[in-house]
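This report describes the chains, their contacts and their domains. It begins with the terms used for secondary structure.

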Amino acid sequence: MNDLNPSGWRPSTGSSEPGAWRPTVTGHRALEQDEPLLFEIGSLDGCGVDFDEDDGAEMLDALPRRTTPVALPGLSEPEAVRHYTRLSRQNYAIDLGLFPLGSCTMKHNPRLNEKVARMPGFASVHPLQPQQTVEGALEVIAQLADWLVALTGMASVAMTPKAGAHGELCGLLAIRAALEARGEADARRVILVPESAHGTNPATAAFAGFTVAPIPANPDGRIDLAALLERLGDDVAGVMITNPNTCGLFERDMKTIADAVHAAGGYVYCDGANFNAVVGRVRPGDLGVDAMHINLHKTFSTPHGGGGPGAGPVVLSQALAPFAPLPMVVRDEAGKPRLIEDPAERTDAFGRMCAFHGQMGMFTRALAYILTHGADGLRQVSGDAVLNANYLLASLKDVLDAPFAESGACMHEALFSDAGFAEGFSTLDLAKGLIDEGFHPMTVYFPLVVHGAMLVEPTETESKAALDQFIAAMRDLARRAKDGDPALKAAPVHAPRRRLDETLAARKPRLVWKEA
Amino acid sequence: MLGTIGAASVDALFTDVPTDALQSGPIPGLPFHASERAVERHMAALSARALTADQVPFFLGAGAYRHHVPASVDHLIQRGEFLTAYTPYQPEIAQGTLQVLFEFQTQVARLFGCEVANASLYDGSTACWEGIAMAGRITRRRRAILSGGLNPHYAQTCATMARFTGDDLVVLAPRAEAESDDADVIAAIDATVSCVVVQYPDLFGRIPDLAAIAEAAHAAGALLIAVVTEPVALGLLESPGALGADIVVGEGQSIGVGLQFGGPYLGLFATREKFVRQMPGRLCGETVDAEGRRGFVLTLSTREQHIRREKATSNICTNSGLCALAFSIHMTLLGGVGLGRMAQASHARAVTTARRLSAIPGVEVINRVWFNEFAVRLPRPAAEVVDALAERGVLGGVPLSRLCPDRADLGDVLLVATSECTLEDDIAALASALEEVLA
Amino acid sequence: MPRYFTRDHEWIEVDGPKARVGITDYAQSQLGDITYVDLPAVGATMARGDSVAVIDSVKAASDVYAPAGGTVTAVNAALEEAPELVNASAEADGWLWELDLADPVELDELLDAAAYTDFIAGL
């Protein structure tokens, strides 16, 4: 019976002894494949594009031509697909797990959004086609604008700003233009900005030609109302307030502040970065806001794409609406959308923010999200986001210092500090420990008003089971940081890279690849 | 969960909102939720109300160009690890995005003939302004000369910013002539000028002599900013950096990104290494990790708004990450050789188109040279002609009046652009429709 | 040579009408790894209290204020290649700029070493 198992193959689970690991020849570790730079694997005569046979080689003799091709390596399609697929696997993403970056709002990106954005009537039309050939695209802009105006209770919306910071700039320029129209632009040069504000706020104000006066926070994490009222005067152009604020709290005095600012002749800019916490429940127009940008990638689920593109439409009050930049889409009496580009038609418009009509590809995605959810669903979005954040806060405040836990319910994000960590252990160590646990860290060291800040935003996307797993990891990490577990200083050890030397990168910047 | 929190209801979590500003139910007058199928049908119905570039003969340019994008580009950018990642602030788990940005920066620097490039800005027009602002920081002068060959929407974007920052912009008027306005630009340079801004190829498709302008600018202590709205042109034309441009900005849309009705697009920005600390926008740099392995991080962030606050070089937070990825993948598939082929085909179609159109009575090609876009003078207002062509199912170009509504004298100028996607049949369809319209 | 200090953590060492300026060792220890120093131009004039230089660390950029007014006669060129000198030797080799003093009387309002030591002890 010698033919029973001629190959000698037997199932085995291998050795479970530790120390079986050894470096591989390739440097790969199974599915964890290290990928060289494009410039190290491509050749300068490589090309992965399948061109038509060149049927028209006609050339102008007078054309001044380059003598050598641009020195860019090319890869074949299979090589390129592998290169980028391997690189993609070194990224964390919402598609892989909870991504609790406070103030950044990493929520699920529904794939319906991607499908509609690629429909040819939106994706394959040129921004300068005759209007009658792009009616559907104009209708998308108009419908999204209608929703944004209704959800915020404002008068109109400027759709062209290309990101949140660009929207901030648009709002402040509208304020400058309104002051110019009143003949007060030279007198009113000061914008009041709370100390807890994101750095973009003062940067934008300075960029728009204003000077910045900081307003302190009170001990419960909100704007010091008395200090703000004290600073109002003839030189103040307006305030920039984030609401809910960067400490995750609703500014209870928003309406009082707005009324006082208006009475003093100024305008109210609201940073809408955190609008997702109140969408469908609170209309900023009811709080006296004059301008607010909406990050479509935060509140309305357009993908962050590894750092953009964003989109930052700005809703405007009656007072600022006439100054909105061109181009804009308006509805005529019959409700038909019409594109206005000629400054002669809108003489108060303060100018133009960019070459074309804004982030169309983001408008389609945001509109799909809004239509899917509706007025009822959006209300549930903010409710679920706030519920999840409060659940995290309640589940962690006994192990992590939560400076504003007694300041009322948090909104969509919970704020902790590094108080109580062992000597030499920091927020950064806890954050890097989260990486080994399979989570993206929270926002760290922001807002600046809290030492070693950790700003945790779960969004409505997460289930209770996902939150509980995250809470378990956070509780363990908090204990290790307080106990001073030296292993935590080494984290992450399971990521594609260990901690990177940022000092070296900044001292000797190497920003492009050069042949060794 | 409410039990753990100690709240009676979700609504009870919103008690910090003043009651008169708190909606007690869904905001009135708005529709409720809809199914995926219903929303898809709604959007598809809107999409159908269009004449698209893929359907009909198509000749539009003026800052946005249609090229073929290989299918693998769109497939790869939809991988969730790219699509649903955030800005790579935690580099240990963002090496994918970071390495792409490092490769992208290298590609853009080489394409533009510069030493360094950033990780992208919003689009070409905003990048153009950022270039002017940067030249002001470097030269400590506040006066910029903008060529009349610069896309008027770019010039307006810059003028809007300058109005608020107090910079002095001298915007030369566009002139529909055979040659670009190099002489006027050079004549306007003096010792008070921070930079001259020259589009290459320009609005009319002409090709300015950047080397001569650079020499004149440098002699006066000013910088040359070259603006490239059609980077495919650099497959045939010399790179601006090699011709002396100090800052090269551009619109990257024509490689990998697509038309998308104007956005999102991709701002390209490159310059000399010595100016890097004055450069706006995100930068990715090479470094090592704790085990000495090569890795990448965002670097020189002290220039940026989140640290410098009101002293930042710019208020920009985002780059155009996913568009940069699309550009980079397409460029990787092309390589320098493929870019040259795409450029050559685009140019050849423009030569054919110009020859066919100039044979039509009353139609005059204005340019002496061009890459893939040229201007023609028509015997009738160009906007009317374009509308009439659209009725005949031809998207025939961009009437200059769309960009310069205040210039009645340019009302008869039409900009016509081609690419490797332009077929012989398309050119024939445009020629015959135009003949019919002008008859 | 007499050395004075500011509450913004600069030091200034005076040699007749000339002086040399840097940041204190305490300041460099608070900043962490210094990655870049942006210095004023030789020939530039400054008034006391002007923000005239910037010191970058990885996560922060800090302004350096002129402890006294005058005209810059030299800057520490070694910092261009080796900004880490400020970490290693803030009060000697990591100096920032030298100047001709506009008005030595301004120095009277600065702290001496003992007063500065007391000042940082109270922070």
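Helices are DSSP runs of H or I with at least four residues, and strands are runs of E with at least two, both numbered from the N terminus. The model discussed here is predicted.

**Chain A.** By these terms, chain A contains 15 helices and 12 strands. Its C-alpha atoms occupy a box of roughly 100 × 75 × 50 Å along the principal axes. Chain A has 516 residues, of which 58% count as buried. Of the chain A contacts that link residues at least 6 apart in sequence, 73% are between residues at least 24 apart.

**Chains A and B.** The interface involves 165 residues of chain B and 166 residues of chain A. On the chain B side, the most residues, 22, come from helix α11 (residues 321–358).

**Domains of chain B.** Domain 1 of chain B spans 71–330, and domain 2 spans 336–438. Their C-alpha centres are 28 Å apart. Between them, 19 residues of domain 1 of chain B contact 22 residues of domain 2 of chain B.

An unreviewed UniProt entry annotates residues 18–100 of chain C as "domain: Lipoyl-binding". In the model, this span of chain C is 18% helix and 42% strand, and its end C-alpha atoms lie 5 Å apart.

Conventions: Residues are numbered from 1 along each chain as its sequence is written. Chains are lettered from A and ligands numbered from 1 in the order in which they are written. This is a predicted model: local features need pLDDT of at least 70, side-chain atom pairs count only at pLDDT 80 or more; totals for chains, interfaces and linings use all residues. UniProt positions are given in the numbering used here, feature names are shortened, and annotations may be inferred rather than shown by experiment. A residue is buried if 20 or more other C-beta atoms lie within 10 Å of its own, exposed if 12 or fewer, and partly exposed in between; C-beta atoms are placed from the backbone. Two residues are in contact if their C-beta atoms, placed from the backbone, lie within 7 Å. Domain bounds come from an automatic or database domain assignment.
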